[in-house]
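Me: I'm new to looking at protein structures. Could you walk me through this one?

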Amino acid sequence: MQKIKIIAMGRLTEASFRDAAGEYLKRMSRYYQVTTVEPKPENLPQNPSDAEIERALSREAEKILGEISPRAYVVAMCVEGKTMSSEALAALAEKQAGLASEIVFIIGSSHGLHDSVKKRADLRLSVSPMTFPHELFRVMLLEQIYRAAEINAGSKYHK
């Protein structure tokens, strides 16, 4: 069974997002062995300086990179990344199933991801140039991973 790891900075705090994420994780369990890791984001002042943001991102990167196995295929979710269709994501998941020990999707904190994490990534992926709340985005990513599994299974979920 393909292993998927979601590394998302911070916990889901709103019940509706926790419920939605739980539902997609339950659905995905037929196709993938999914692990979720939620490192604690660094605390920053209300109006942090660029240097404070850089230090926080660096510390967060240490937490993230420590969770990635050497043979993992890493997807960094970032606004400057490549966009792809649900079908392309499904094809990627199917291809990597035989090549990588696991597929790791990384969602950074509100200030994004440190360059060291982006450099480790095999793919920088963006779902949109728009900005979404972190909790909503996490549910959206889970839905797309589930959709990819359904596409690969030939189900009617994907229309």
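This is a predicted model: local features need pLDDT of at least 70, side-chain atom pairs count only at pLDDT 80 or more; totals for chains, interfaces and linings use all residues.

Me: Great. How many helices and strands are in the chain?

Reply: Start by listing the elements in order. Here you'll find five helices and five strands, and along the sequence they run β-α-β-α-β-α-β-α-β-α.

Me: What does the radius of gyration say about the chain?

Reply: You compare it with what a compact globule would have. For 159 residues that would be near 15 Å, and the chain has 15 Å, so the two agree. As for burial, 43% of the 159 residues are buried.

Me: How are α3 and α5 arranged relative to each other?

Reply: Look at the angle between the axes; 65 to 115 degrees counts as roughly perpendicular. Helix α3 (residues 86-97) and helix α5 (residues 134-153) pack at about 75°, with axes 8 Å apart, so they're roughly perpendicular. Among the residues that meet are Leu 89 and Ala 93 from α3, and Ile 145 and Ala 148 from α5. The residues of this contact split into seven nonpolar, three polar and three charged.

Me: What does Tyr 32 touch?

Reply: Leaving out residues up to four places away in sequence, Tyr 32 touches Met 1, Gln 2, Ile 4, Ala 93, Ile 145, Ala 148 and Ala 149.

Definitions and conventions:
Residues are numbered from 1 along each chain as its sequence is written. Side-chain values use heavy atoms; hydrogens and water are left out. Axes are lines fitted to C-alpha atoms, for helices over the stretch in contact, and angles run from 0 to 180 degrees between N-to-C directions. Helices (H or I, at least four residues) and strands (E, at least two) are DSSP runs, numbered from the N terminus. Angles under 35 degrees count as roughly parallel, over 145 as roughly antiparallel, 65 to 115 as roughly perpendicular and the rest as oblique. Contact means heavy atoms within 4.5 Å. Ala, Val, Leu, Ile, Met, Phe, Trp, Tyr, Cys and Pro count as nonpolar, Asp, Glu, Lys and Arg as charged, and the others, Gly among them, as polar. The radius of gyration is taken over C-alpha atoms; the globule rule is 2.2 Å times the number of residues to the power 0.38. Buried means under 20% relative accessible area, exposed over 50%, partly exposed in between (1.4 Å probe, protein chains only).
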